[in-house]
Amino acid sequence: MSTAKISANKQHENINELKRAFAYNLFYKQGVTTRTASLNDYYLAVSYTLRDRMQHLFINSVEALLDKESKVVCYLSAEFLMGPHLHNNLVNLGLYDDFSHAAEESGLNLTEIINHEEEPGLGNGGLGRLAACYLDSLASLQIPAIGYGIRYEYGMFDQEIENGWQKEISDRWLHSGNPWEIKKPDLACDVGFGGHTEIYHGEYGKRRIRWIPARVITGIPYDTPIPGYKVNNVNCLRLWSAEAHASFDFADFNTGDYYGAVEDKISAETITKVLYPNDEQFQGKRLRLEQQFFFVSCSLQDMIHVHLFTHESLDDFHDHFTAQLNDTHPSVAIPELMRLLIDIHHYDWKKAWDITRNTLCYTNHTLLPEAMEKWDLTLFGDLLPRHLEIIYEINHRFLEEVRMKYPGDDARLSRMSVIDDSGPKYVRMANLACIGSKAINGVAAMHTDLLRKYTLADWNSMYPGKIRNVTNGVTPRRWIAVSNPRLTRLITDAIGEEWITNLDELRNLEHLADDTAFQEAWNTVKEKNKQDFAAIIKDQQNILVSPQAMFDVQVKRIHEYKRQHLNVLHIVTLYNRIKANPDTDITPRLFVFGGKAAPAYFMAKRMIKLITSIARVVNNDPDVRDRLKVFFIPNYNVKIGHAVYPMTDLSEQISMAGKEASGTGNMKFSMNGALTIGTLDGANVEIREEVGAENFFLFGLNVEEVMERQAAGYNPMDYYQNNDELKGAIDRIASGHFSRGDHELFRPIVDSLLYDDQYMLLADYQQYIDCQAWISEVYR
């Protein structure tokens, strides 16, 4: 029998086996038949079938963690924006085609089943998506790793647009079931809060300290397998859910106190109830700190438990575990690991500090000193009294070290102290992370350089070489292979599939840049992706869009520093030109926006209202004649990103230079063939170096120029009064033209631009407009 025949027979057997597994899981796990099954039942049955096929790989990989010689990367993050699992897992396991055939032969539509999956609500933006991409890449590189985080019952929020305004809806991502997670109650950890400490004398009369918490919460781990791409390695995402020690008090119930009978359960479960509670009020701040300590303590206890399973002591703990702190949210790991080592495992301070500093590493994600996390000292001490004692001791020893190196420099001591006592006292978590970590990294070359020069200059002076650059990245598995299958086939047919795990291989496409057949195939891919997105717009808002128009896209968290309103000023400028001369020559464009505003962020929510209001007017003005269209995508998330990145012609990365730490959306757009208009900010700098300056539309002030303008006394009114088109755009917004005559609706945005303009939109406006005109010519 020929090899091809054997292969065909084997695939036929696999498909029949999958069909039997679908039916088995539908009947025995979902308890339904094909006559009564819902789409969700089919989704769960298919997902369980896939999970079963990677379970042996998962177990083998977990067993490998227990190898005495292995070193495990532990990624501690308050967010993991994983995206839907089914499609990604099918691609990584190389089973997409078999499952597709099996579904078709079972009368099912695999695409419909994939689209049904609810997105896990475990993250918000770039921080959580970076964590997810790292887990995928670690698994694909076959590096043993565990992602540690929180199993939030409710995610960030689902965004609806109602009368042009953002409306927040509860994200009930678990309500239909999560087939990927496996509950592990036997690995539960106890976490204390509040209470007090007491001194006692241990073995040989040695003075020790014991923490007596006021309450104890139980952390239950839920494990999710993260498969690498076509390898036998499956890493683990372990998320912690909070439960009460005793969830029901019969004594209270029997005396009629029905709320008191479940009060502990409600209080405990609140900790992992929702991602990022509003922390404007004291209770919100307290809950955030509880969340951070809860998952960090559970994770460190778990790491210690795994280590002691195969090792006699924790002396070499740091040789077998490295824990990366994704921003300052997990930095309470420093005093918690010290507490576990000193109070529970009875190490002396010196040895415990050596283990701690050689275990933990810190990723910084911001350049803004005001954005560095800090906690009210009273709140911190009330919630974590023992940890505050440890922090005071860490700080005392560290400041002695600073005094020795910089005698008489009291200003430096004040800046570097973990305790901010310049006014109301705070615990500075970034300072704590810098002291207690083996290494500090920025997330783009420019960001790291600015950290060394400004934000963390004292630390760079104190510990030369400790601050390193590790530019953020994104996984090509999800962001090309999963989201853009047409482009994946085109590239793979041209150069093979090694690029999916090694993007350097894409350089092998360069010799095809002038190949007419390849150009036509490339354009066909882009055209079909744009047609798909045009159909989505037609379905959602009944807006007709020509795929021949330039698709100009800005999708990211709504924030003033990301400057969505600079993009808006360009749209209004083009609109004004049309109103002045309806026959003016304008390259047709679809402007696409997407992103969520924090519920308490007044200006960001008003920016969404401005975008949707402009869309209402522009899309319905007969003078525009379909040359401009504006579309705001509601509830932007990873799943929607699968459709957005492949269709984009122009990627808007227009933050003021020096504000964006890195950005990862810029990379996803570029990977999918979009060109970028951007400033020299974050990873834009490195993208421009890679793609070539001729393939990057650069505009705007650089960091040095921004600082010079600010030092000289930046006055946005000068730009407004001396630029007719800028004045016309702002006046059009202020006039009520986009707000049904309401002059007050957008006054906060207008006043912010004219009298403050913190992010210097007006200074960059003309260069941005000129660059966009050049882009229009190039697109033609």
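Let's start with a helix contact. In α22, Gln564, His565, Val568, Ile571, Val572 and Tyr575 meet Met607, Leu610, Ile611, Ile614, Val617 and Val618 of α23. Sorted by class, this contact has 10 nonpolar residues, 2 polar ones and no charged ones. Please keep in mind that we are looking at a predicted model.

How do the two helices lie? Two packed helices are described by the distance between their axes and the angle between those axes. Helix α22 covers residues 564-580. Its axis and that of α23 come within 11 Å and cross at roughly 20°. Angles under 35 degrees count as roughly parallel, so α22 is roughly parallel to α23. The crossing of α22 and α23 is left-handed.

Now α22 has another partner, α31. Which residues of α22 meet α31? They are His565, Leu566, Asn567, Leu569, His570, Thr573 and Arg577. On the α31 side we find Leu761, Tyr765, Tyr768, Ile769 and Gln772. His565 is named in the contact with α23, and it is named here in the contact with α31 too. By class, the contact of α22 with α31 divides into 6 nonpolar, 5 polar and 1 charged.

The geometry here: the axes of α22 and α31 come within 10 Å and cross at roughly 55°. The two helices are therefore oblique to each other. Is the crossing left-handed or right-handed? α22 passes α31 in a right-handed crossing.

Next, the sheet beside these helices.

β18 is residues 550-555, and β19 is residues 589-594. How many bridges join them? They pair in the parallel sense over 6 bridges. Phe551 stands opposite Leu590 in β19.

Which helices meet the sheet?

The structure holds 16 aromatic pairs. Why is the pair of Trp479 and Tyr645 edge-to-face? The ring centres are 5.3 Å apart and the planes stand at 80°, so the pair gets that label. Planes over 60 degrees apart count as edge-to-face. This pair links distant parts of the chain. Trp479 sits in helix α19, residues 476-482. Tyr645 sits in helix α24, residues 638-647.

Another sheet now. This open sheet has 3 strands in the order β13-β15-β14, with antiparallel pairing. β13, at 374-376, and β14, at 419-420, stand at the edges. Each has a single partner strand, so one side of each is left without a neighbour in the sheet. β14 and β15, residues 426-428, pair in the antiparallel sense over 2 bridges. There, Asp420 stands opposite Tyr426 in β15. Helix α16, residues 429-436, packs on this sheet and touches β13 and β15. The direction of α16 makes about 40° with that of β15.

Last stop: a hairpin. β3, residues 158-162, and β4, residues 165-169, pair in the antiparallel sense over 5 bridges. Ile161 has Gln166 in β4 as its bridge partner. How many residues are between the strands? There are 2. In this hairpin, Asn163 takes a positive phi near 55°.

Notes:
Residues numbered from 1 in each chain as written. Predicted model: local features only at pLDDT ≥ 70, side-chain atom pairs only at ≥ 80, totals over all residues. Heavy atoms only, no water. Pairing = 2+ DSSP bridges. Helix = DSSP H or I, 4+ residues; strand = E, 2+ residues; numbered from the N terminus. Axes fitted to C-alpha atoms, helices over the stretch in contact; angles between N-to-C directions. Parallel < 35°, antiparallel > 145°, perpendicular 65-115°, else oblique. Left-handed = near helix turned anticlockwise from the far one by under 90°. Contact = heavy atoms within 4.5 Å. Nonpolar A, V, L, I, M, F, W, Y, C, P; charged D, E, K, R; others polar. Phe/Tyr/Trp six-rings, centres within 6.5 Å; stacked < 30°, edge-to-face > 60°.
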